[in-house]
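Me: I would like to go through this model in short questions and answers. Please start with the terms, then take the ligands, the helix contacts and the loops.

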Amino acid sequence: MSAFSAINDEEQEIDQDTFTPGIEPQATWCPGCGDFGVLKALKQAMPEVGRTPDETMLVTGIGCSGKLNSYFDCYGYHSIHGRSLPIARAAKLANPGLEVIAAGGDGDGYGIGGNHFMHTARENHDITYIVFNNEIFGLTKGQTSPTSPKGHKSKTQPSGSAKDPVRPLTLSLASGASYVARTAAVNPRQAKEVLKEAIEHDGFAHVDFLTQCPTWNKDAKEYVPYTDIQDDDEFDFDITDRREAADAMYEAESRLWEGEVLTGRFYHDTERPSYAEEKRSIGEAPEDSLAERYFDDDAEWGKSVEEIRQHHT
Amino acid sequence: MTQDTIAWRVSGGSGDGIDSTSRNYAKALMRSGLNIYTHRHYPSRIRGGHTYVEIRAGDEPVQSRGAGFDFLLCLGDSFARSEQEGAIYGNEELKPLTEQFDELHEGGIIVYDTGQFDEDDIAETELEERAEENNWHVYPVDLRGIAQEHGRAVMRNTAGLGVTAALLDQDVDMIEELIEENMSGDMRDANLEVLHSAYERALEFDESHDLVAPEGSHDEEHALLTGSDGIAYGALDAGCRFISGYPMTPWTDVFRIMSQKLPKYGGIAEQVEDEIASATLALGASHAGVKAMSGSAGGGFALMTEALGLAEMTETPVVYVEAMRAGPSTGLPTKTEQGDLEHVLYSSQGDSCRVVFAPANAEEAYEQSRQAFELAYDYHLPALVVYDQKLEGELRSVPVSHFDQEPAPDLGSTLTEEELRDAAHDASGKFERFQHSVEGAKEGVSPRSIPGQKGGRFLASGNESAPTGHISEDPVNRKNQMDRRLRKLTAIRGELDDGETNQTTAGPEDAEYGILTWGSTQDTVLEAVDQLNEEGHSVKAMGVSDLMPYPEAEVTEFLESVEECLVVEMNASAQFRGLTQKELGRFGDKMSSLLKYNGEPFRHNEIVEAFKDSIDGGQPAAQNVKFVPAAGD
Ligand SMILES: Cc1ncc(C[n+]2csc(CCOP(=O)(O)OP(=O)(O)O)c2C)c(N)n1
Ligand code: SF4
């Protein structure tokens, strides 16, 4: 029997309560926070994906967004600012059977963790990355973030930001992500569908999740109407085509800066092998789960003295 | 001149094959039954510049490079200039020859390649007069010509080895054997021809010198390994199957070796975007149940310290390697120093809760690399192996039997699903991973579960947390958790004290004076102590390899037993002496320091001289070192 019997355990019944911690977490999110929307969508998506809490690993960064790990019950790693992706990547490589999800804020993912974001997308690791994009630093009390609009005034940018915000979707696509979507806390039905698809996707799935921060970002787009880009006749594009997807993303990002919110699926490449598959195909990663081997009494453990005899004597 | 050891140096330009040539020759000498030590000197430059490797070989164990050398094979600096590109490096061409003069022993031999050097240029150097003064025997040979005649110009290294063997009255077969093993086809045939042709030619030389290679015999098979090999093989045998890294000299060597070996052992090696990623990847792999390591040199380690703290707080086992080079900042990229001691002990926020080893040599590097994994996974904390550019590159001959040890793939204090069923859970079925104390577990350790195990669900957090892992700011919990984590260090110290010691000693037990040192300087000090005692001084030495938790009892006993103690280390601010004083809380008036920080490791005779001078109360004469007296002196 496997040492990790929770993996692919079909007997356990799962509903969204399965992922709710039994102990009331310390209430750290403000009333009305968009982060609750992510939590809800994720709890709804998981049973549909069919994964149990014990086979799921959620890695978060720092920020209000990072607190997701207190509200969502599974194997969790609440790490440090911007570093959720490298931790998630390695966990998935070590045990491909795990469902690995990483989550963090826009400061966390597009600012301090920007380099990891680019490289994780480029390598196409089979993990899901949810970025809570509230266009502000929440936890440190309202400073300008990489997605804050140009001209945004904050305590650290009293005259208004002179910077153009980052374009997370375009950046993600250009870096190599094989699934890119944007959804929003105020659109729970779509949010659940998008998360489900992202988790099931075999490769790096990036979801830019628009959330509102009523405490620090009064301008957040909570009241504007959301348009689903797939339902809109104006946008008729092939989501498997990089170029068309790039155009749609560019358009959606530009319009967001002007106050119009376009969400939905932007890019989905089902052909590209995940990083682990690539590594396995060139013989640089084992076929089985590395982690499993430590519990396997019959596993063979190479001994370096053979190597030493061969190359050093 | 019969002697128990011989030191042979090959010099040339970086990229000239100096490394492989010397490796081959060292192997040949080892196979002939000698003990080997090599020292590598190279500039921070890809091609050209001047570089050398020195091999010291003897019948008795050789522990350091010794003082000076006997034989120079000077291959010339072929890549120093590119006239077409207009890149000409001043007057460096002669450096592979002229830079070596000061350390060549009296009666020594110089072989230089007339095919590479202009005789007129050489005439302008001090070669002739210095040779006369020192009774050097100089052999100009057209190594390049011989190589070209039978193969290609690059094979002049092989020609050099042929000449060496002839002049030292060695059996050329031992070099032939290595060429046959390492090469094939035309390359092999051509090299063999070059070798024999050079050998035959050199046999005809007028051999007025009386230098011969010492003879030795091993009663068991030996292997030639660097400190990096020691760390890498130790990690493999400890069950490490995941490494993540980013290149930086001198850490790159461990990373390279592991990256080449791991796939063969069914493991995974990852070169990633930066050291922040590399340090955190190792945590991710370890958390998911694989023995994992990462590492860097000082500059990269600075980026890794954030993850080091995370490992301490989340109690994620991991092994990090820190390969020191001269700092601060990028410092001297290819030169050695022991200047990162305080950096590895205390970097990252909060109180340090880590294990730090500083092995002395390749054998210890293997042992302590294994030990680092064992402690990291038994106690759930980061364990560091600290070494330096000296140990990274020095080749030592070690009996193979030393490495004939069983792999240790045990995941340490980790529960199986069966055990998890009986473990403590909260109301919702969450495993209480961070309990304040667990019966039957090692002191301070709360056994862990691995994601994917049924019933093992918990949260690991960089924030202080309650037993289930939920973030907690409760002061009582905080104190309990902190105390528990720190208790691990006390337990580890106890475990280390009960085992075979990692500290090495030398010299008579009742000696009057002491020399204390750490890390890669240990063996050089041991050799110095031998010499001092032979000369009639009364000295003993202790080399420390455990830095945290500090071997208090052992060092206290040592310091109490001597009247005065010289602390030898390669940095400018006496960091190890400071650590010793801090840990023991006394002996400030007994310890003086001998420091070297010019990028070069100590030679044992420098320590000998400085010891004599410092006992007389003076300042050491050598310009390369600094002496710092004891407090109150
Ligand atoms: C290395 C480091 N720098 C700074 C901080 C302080 N810090 C905590 S959260 C945060 C910003 C978080 O913003 P974002 O990622 O957008 O998340 P949000 O709180 O809005 O969900 C910062 C700067 C930190 N914890 N670590
Ligand atoms: S500060 Fe903003 S992002 Fe943070 S919990 Fe409150 S509303 Fe949410």
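Reply: Helices (H or I, at least four residues) and strands (E, at least two) are DSSP runs, numbered from the N terminus. This is a predicted model, in which local features need pLDDT of at least 70, side-chain atom pairs count only at pLDDT 80 or more, and totals for chains, interfaces and linings use all residues. Residues are numbered from 1 along each chain as its sequence is written, chains are lettered from A and ligands numbered from 1 in the order in which they are written, and side-chain values use heavy atoms, with hydrogens and water left out.

Me: Which element gives the most to the shell around ligand 1?

Reply: A residue is near a molecule if one of its heavy atoms lies within 4 Å of it. 16 residues surround ligand 1. At least two residues of that shell come from each of α4 (106-112) and β5 (136-137) of chain A. The element that gives the most, with four residues, is α4(A).

Me: How much of the accessible area of ligand 1 does the protein cover?

Reply: Polar contacts here are pairs of N or O atoms within 3.5 Å. Oxygen atoms of ligand 1 lie 2.8 Å from a backbone N or O atom of C64(A), 2.7 Å from a polar backbone atom of D108(A) and 2.8 Å from one of G138(A). Of the 590 Å² that ligand 1 has on its own (Shrake-Rupley method, 1.4 Å probe), the protein covers 75%.

Me: How many charged residues does the shell around ligand 2 have?

Reply: Asp, Glu, Lys and Arg count as charged; Ala, Val, Leu, Ile, Met, Phe, Trp, Tyr, Cys and Pro as nonpolar; and the others, Gly among them, as polar. The residues around ligand 2 include C30(A), C33(A), C64(A) and C213(A). By class, this shell has seven nonpolar and two polar residues, and the number of charged ones is: no charged residues.

Me: What is the handedness of the crossing of α9(B) and α14(B)?

Reply: Axes are lines fitted to C-alpha atoms, for helices over the stretch in contact, and angles run from 0 to 180 degrees between N-to-C directions. The axes of α9 (residues 227-237) and α14 (residues 362-379) of chain B come within 7 Å and cross at roughly 35 degrees. A crossing is left-handed if the near helix is turned anticlockwise from the far one by less than a right angle, and right-handed if clockwise. The crossing of α9(B) and α14(B) is right-handed.

Me: How many charged residues are in the contact of α11(A) with α9(B)?

Reply: Helix α11 (residues 304-312) of chain A packs with α9(B) at an angle of about 150 degrees, the axes being 9 Å apart. Contact means heavy atoms within 4.5 Å, and it is made by S304(A), E307(A), I308(A) and H312(A) on one side and D229(B), Y233(B) and D237(B) on the other. Besides two nonpolar and two polar residues, the number of charged ones is three.

Me: Which residue joins G327(B) through a cis peptide bond?

Reply: The loop to look at is the one between β13 (318-324) and α13 (341-346) of chain B. This loop also holds S329(B), whose phi is near 55 degrees, a positive value in a residue other than glycine. The bond from G327(B) has omega about 0 degrees, and its partner is P328(B).

How values were computed. Polar contact = N/O pair within 3.5 Å; in protein donor to acceptor, adjacent residues only side chain to side chain.
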